[in-house]
Amino acid sequence: MAANLQHQTVLVTGASSGIGQAIAIAMGKAGANVIINYHEDDKAADDTLRQIEALGGTGLVVKADVSKEVEVIEMFNSAIKKFGTVDILVNNAGIQKDSKFVDMSLKDWQTVMDTNLTGQFLCAREAAREFCRRGLVGERSVAAGKIIFISSVHNIVPWAGHANYTASKGGETMLMKTMAQELAPQKIRVNSIAPGAIKTDINKKVWSDPQQAAELLRLIPYQRIGEPDDVAKVAAWLASDEADYITGTTIYVDGGMTLYPEFAHGG
Ligand code: BGC
């Protein structure tokens, strides 16, 4: 059954491209009003909105740097002013700044932490505050609110050359679990989706090069690189009441990347 998010409002961070854009569109398709957050590319954010409107949906584009407390608070204020409340948060905005560990600058460590972990904290806190303020509205959903973190297989798979990124994703997992435990009595569900290699700008260098793409496929038992929509469909379902008894968990959408693929022919 297709997910039903009618009369609910979802805020998706980093919704101008890649997985965030696909999630925003999938949520719009499921009937939600969509707040399209972006940081830099206003044209791409407008394009997300146009695609949602073309499907008969509604939305609002809001620029904000998720790592800045004032901007996050203002973003939630604009969302609430426009649609009355926020029912679902998808904490998707994330970046990579890769380097060998011994060469990693404090700036690159901090920049990744600021967006990937502090940004998720700030948005999740504002969403949870709004869910607690509003409480349950039974006609819309059996939960008072839903938060989905977009994590990564690298919340459990170490990745040489990406210490800042893996640390941010590992931290995200404990943030998600602790929030889920703390907020369950208020009927707030908190979960993560951990994508594997999905074709977006973040890893374009790899999948657009035939040799690197072939090497990447050796890490994916299911033998295809993922599409943003593979993640988006799961997000729409996880946000819906169909998934009401799921909280505090991580769903891997990775074609088996976390199955230790090298053990298929060895060990
Ligand atoms: C990273 C991608 C990478 C994928 C699988 C993601 O979290 O952002 O660059 O392709 O994990 O390794």
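**Close-up views of helix packing and the ligand site**

**View 1. Contact of helix H1 with helix H2 in the predicted model.** Gln21, Ala24, Ile25 and Gly28 of H1 are in contact with Ala44, Asp47, Thr48, Gln51 and Ile52 of H2. Sorted by class, the residues of this contact comprise four nonpolar, four polar and one charged.

**View 2. Contact of helix H1 with helix H8.** From H1, which covers residues 18–29, Gly18, Ile19, Ala22, Ile23, Ala26 and Met27 meet a set of H8 residues made up of Pro228, Asp229, Val231, Ala232, Ala235, Ala236 and Ala239. In this contact of H1 with H8, 11 residues are nonpolar, one is polar and one is charged. The axes of H1 and H8 (residues 228–239) come within 8 Å and cross at roughly 45°, so the two helices are oblique to each other. H1 passes H8 in a right-handed crossing.

**View 3. Surroundings of the ligand.** The residues around the ligand are Gln96, Ser152, His154, Trp159, Tyr165, Gly196, Ala197, Ile202, Asn203 and Met257. A polar side-chain atom of Gln96 is placed 2.6 Å from an oxygen atom of the ligand, and a side-chain N or O atom of Ser152 lies 2.6 Å from a ligand oxygen atom. For Tyr165, a polar side-chain atom is found 2.6 Å from an oxygen atom of the ligand.

Key: Residues are numbered from 1 along each chain as its sequence is written. This is a predicted model: local features need pLDDT of at least 70, side-chain atom pairs count only at pLDDT 80 or more; totals for chains, interfaces and linings use all residues. Side-chain values use heavy atoms; hydrogens and water are left out. Axes are lines fitted to C-alpha atoms, for helices over the stretch in contact, and angles run from 0 to 180 degrees between N-to-C directions. Helices (H or I, at least four residues) and strands (E, at least two) are DSSP runs, numbered from the N terminus. Angles under 35 degrees count as roughly parallel, over 145 as roughly antiparallel, 65 to 115 as roughly perpendicular and the rest as oblique. A crossing is left-handed if the near helix is turned anticlockwise from the far one by less than a right angle, and right-handed if clockwise. Contact means heavy atoms within 4.5 Å. Ala, Val, Leu, Ile, Met, Phe, Trp, Tyr, Cys and Pro count as nonpolar, Asp, Glu, Lys and Arg as charged, and the others, Gly among them, as polar. A residue is near a molecule or strand if one of its heavy atoms lies within 4 Å of it. A polar contact is a pair of N or O atoms within 3.5 Å; within protein, one must be able to donate a hydrogen and the other to accept it, and residues adjacent in sequence count only if both atoms are side-chain atoms.
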